[in-house]
Amino acid sequence: MTDYLRASAADLVAALEAGETTSVALTELFLDRIEAVDSAVHAFLHVDREGALAQAAASDARRAAGAPASVLDGVPIAVKDVLATEGLPTTCGSKILEGWIPPYDATVVTRLKEAGLPILGKTNMDEFAMGSSTEHSAYGPTRNPWDLDRIPGGSGGGSAAAVAAFEAPLAIGTDTGGSIRQPGAVTGTVGVKPTYGGVSRYGLVAMANSLDQAGPVSRTVLDSALLHEVIGGHDPRDSTSIKEPVGALAEAARQGASGDLSGLRVGVIKELGGEGYQAGVEASFRESLDLLVSAGAELVEVSCPSFVHALAAYYLIMPSEASSNLAKFDAMRYGLRVVPDGDPSAEDVMRASRDAGFGDEVKRRIILGTYALSSGYYDAYYGQAQKVRTLISRDFEAAFEKADVLVSPTAPTTAFKLGEKLDDPLAMYLNDLATIPANLAGVPGISLPSGLASEDGLPAGFQVLAPALADDRLYRVGAALETLLEKKWGGPLLAQAPSLDTGPGGRVGRSAPVSRPPYSTTGEMA
Amino acid sequence: MSTDTLLSFEESLEKFDPAMGLEVHVELNTNTKMFCGCPAVFGGEPNSQVCPTCLGLPGAMPVVNAKAVESAMRIGLALNCEIAEWCRFARKNYFYPDMPKNFQTSQYDEPIAFEGYLDVELEGGEIVRVEIERAHMEEDTGKSLHVGGATGRIHGADHSLVDYNRAGIPLIEIVTKPIMGSREKAPEVAKAYVAQLRELIVALGVSDARMDQGSIRADVNLSLAPVGTGSLGTRTETKNVNSLRSVERAVRYEMQRHAAILDGGGSILQETRHWHEDTGVTTSGRPKSDADDYRYFPEPDLVPVAPSREWVEELKGTLPELPREKRGRLQKEWGFSDLEMRDTVGAGALGLVEETIAAGASPQSARKWWLSELARRANDSGQEIADLGVTPADVAAVQALVDAGSLNDKLARQVFDGLIAGEGTPAEIVAARGLAIVSDDGALGAAVDKAIEANPDVADKIRDGKVAAAGALIGAVMKEMRGQADAGRVRELIIEKLT
């Protein structure tokens, strides 16, 4: 019997189409898995058993009537808690939104519902997507299924860990500076940041509007392509969404899986490697390059000299936008409200609520952004950063004249230990060194597992970047590399991950027995 | 309530030159709000016209209302402005409970329209050119209602309620350059500018333009400088001056208040001031410095607005004739004196007179009925002249009856009585009230004979050649005929019979 828990979404679709299983059965399977392992992994902030099963039953009815709503109809999915979900809590990993239940769905969520994907629940994240480890979640960190003492990456550690721990076959992430790709890299999963504007941001609680992009999280390249086709495309509610159709991404993935990359020029970015990159990560990267060459690709070295300024520019633009975006959390309309003693004014309530509701990293970035936008500093900081951004876009343009795709390690290191970089924000920020340029330029990128680093046996990620609107190239090249790597490994990399098999009592025993799951459920919230 | 010391207006001008800057907010009459699909209408149950976007809910995004952009461009063009080829929205960041996102989506250094002017006509016919710095698009805020306490103001209130129906309604803010050199006419210039800007907005049809409902709001910046220096002093900004009369009074008040402070050796605190319509004074608002830091930056959720030149040209073609130009053209066409024209405009009857002439009446007759007859009645009943229930077509019909000899002025007035009372059309009223003039020789002849008989001495004078005496006999005939005799024919009959 097929192990549906570990099967790809594409295989689940095949099983549903063949009538071998039902969406209700699959949804129950993943809900049970969540119940069994999530007390250890803590990928979820909220699980909606009731809602997911209702959606699954509706899916089964559609399929029985011969009218599935989409190619992924009936395949369950997890959604990062930064996307508004009507009737389900949406906290963004922050205390300030604890208990907030949006009255509307993000466009991505609407599209998932319309396509018939039952939503299992909302995944954990760094507060307001600010972080690279999910340790900045106000609800406690998510743990890496490869090693529960390590971080799952961030900010979308919950989505990546959920997929890596087989709690969901698919998930939605968001990527502002690498928050889909870096968690993908450190959990041995696939994550895609589409072209800016390729997926609607309506209902995505913004960290940095000009950088944020929602995208697929999965265990295979084809699965991401299938999901990307469901969520992508123009949305009139998002003025920055692009008009071009989303393209034949699954077809590109299937074509790539044939393993032939003849004539493809692969640009290796000189600036993204070397110092600061873990040896095992680099070695894994080189092995993947060799495989691409074996498939007929031509390697060219490209230089993107402005990339060295990317991190600095990012840490001015992102906090500037964030400082303004987060101003709305003022306790006047929704969310946490702290009323100080005495006869407080509205401003006193705002101050006390924001003080209690935001975590340190959020406050740090609000302060940074407020400063960077201040009169007298604007030109020197925000203005300069925008110029760097232009230079980075030009570097990409020049590089894409020489190469069809650009490649680098996704993250400089494998997963580090929980707490290791918590007190060193700069070290934390360096995790996104290789992923940030794509956000600044709006180009698409994918991360897929390239193997295990020899020194620690943990997953390393391989990043492919393509020109804006050429997301199909990510899938073609990604699928080709995946096929070659899996041939070498004799199966998916995740097959080598610890099983997280449930101990006595049906739960993974890490420390003290857990009396209740770490996530809320719809029943509890009601 | 105010303890301000004022210098007399005359004395303030002896010592200081005023400079003004006017910021006028125009609420557009688009169907929907600036950045979402909620209805943009006045009134409604509190918080009934809201959605995730105008409530600023997490995740919601704005989309620009193209109709609002079009209205902004038409206002800009009517004010002789340049229209930006490319401009952006910007966030103006500050915390206030009635502002859902704690930033206002506005425009900063890239307004949609800039560098224009409005030629403003003063009472005496003098034209003053007011330079326009910019007209930009932004969204309105919600409205706070302070509950409890004696004054309804924020101080002393138990709590406040916020209605977000207004949040996101499109506004155009029109900012003048400093208006200098208007001296004793400064208050009048300010009022005339706002009045004629309002007329322009009405002619464009882009706003309800109701100052009493806040769909046009004026902020008055004023500063004084020692006379003849040409410099700019420290300004105050008097907010939300919501009637034309108040604009004039607020300028005058601030001139006198500033003058007293400066004359006493003090200095002006740069601040906002609140205008009090009832007492005619301003009171201190909040300090406002040029260093107020709103941390403007381009709105990243919106794409730039880049109106094509074709669109701009197309909109130029839709501009109505500007009110002042139209007045000039009509005055010439109608042959009105300056005074007649001013009275017509002042009575708010320009459009009515125009339509009456279009319906066939002569310009002078149209003016006469609307201004002497109907304006008086409107005034007596405290109504707007347009609300009397008399249409331009009615007035033209009445005048046609006069011209045909069926009515005289006195009878015509009775027809207007009937029209105001809702008795039907002029023809119906004439018939129902039996108002038509009698010019039938039989009926008139009998009345003339009776008048001659009753006034033999007058008849003798006429027989002696004093034809001017006929007036007395005509009066007698008119009295006999209850005013409905054709006075010309009566005269003829009298002379026929007596000479």
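User: Where does Asn102(B) sit in chain B?
Analyst: Quick ground rules: this is a predicted model, where local features need pLDDT of at least 70 and side-chain atom pairs count only at pLDDT 80 or more, while totals for chains, interfaces and linings use all residues. Residues are numbered from 1 along each chain as its sequence is written, chains are lettered from A and ligands numbered from 1 in the order in which they are written, and side-chain values use heavy atoms, with hydrogens and water left out. Helices (H or I, at least four residues) and strands (E, at least two) are DSSP runs, numbered from the N terminus. On that basis, Asn102(B) is in the loop between S3 and strand S4 (103-106) of chain B.

User: What phi does Asn102(B) have?
Analyst: Most residues other than glycine have a negative phi. Asn102(B) is not a glycine, yet its phi is positive, at about 60°.

User: Which peptide bond is cis, with omega near 5°?
Analyst: Most peptide bonds are trans. Look in chain A, in the loop between S3 and helix H5 (157-164), where you'll find Ser155(A). The cis bond is the one from Gly154(A) to Ser155(A).

User: How much area do chain B and chain A bury between them?
Analyst: Start with contacts (heavy atoms within 4.5 Å): 31 residues of chain B touch 37 residues of chain A. Buried area is the accessible area (1.4 Å probe) that two parts lose on being put together, summed over both. Of this area, 61% is on carbon and sulfur atoms, and the total is about 2600 Å².

User: Which residues of chain B lose the most area to chain A?
Analyst: Three residues together give 24% of what the chain B side buries. They are Pro58(B), Met61(B) and Phe95(B).

User: How many residue pairs are in polar contact between chain B and chain A?
Analyst: A polar contact is a pair of N or O atoms within 3.5 Å; within protein, one must be able to donate a hydrogen and the other to accept it, and residues adjacent in sequence count only if both atoms are side-chain atoms. With both residues at pLDDT 80 or more, the count is 16.

User: Why does the Lys122(A) to Asp81(A) salt bridge tie together parts that are apart in sequence?
Analyst: The closest N and O atoms of Lys122(A) and Asp81(A) are 3.1 Å apart. Lys122(A) is in strand S3 (residues 119-123) of chain A, while Asp81(A) is in the loop between strand S2 (77-80) and helix H4 (107-115), so the parts they join are apart in sequence by 41 residues.

User: What is the volume of the largest cavity?
Analyst: On a 1 Å grid over the protein atoms alone, a cavity is a set of points where a 1.4 Å probe fits but cannot get out, a pocket is an open set with protein on both sides within 12 Å along at least five of seven lines, and lining residues have an atom within 4 Å of a point. Grid points are joined across faces, edges and corners, and a volume is the space filled by probe spheres set on the points. The search finds five cavities of 30 Å³ or more. The largest is about 290 Å³.

User: Which element gives the most to the lining of the second largest cavity?
Analyst: This cavity holds about 110 Å³, and its lining includes Arg219(A), Glu482(A) and Trp489(A). Strand S10 (445-452) and helix H16 (471-489) of chain A each give two or more residues. With four residues, the top contributor is H16(A).

User: Which helix gives the most to the lining of the second largest pocket?
Analyst: The second largest pocket has about 1600 Å³ of space, and among the residues closest to its centre are Glu199(B) and Arg327(B). With nine lining residues, the answer is H3(B).

Terms used. A salt bridge is a side-chain nitrogen of Lys or Arg within 4 Å of a carboxyl oxygen of Asp or Glu.
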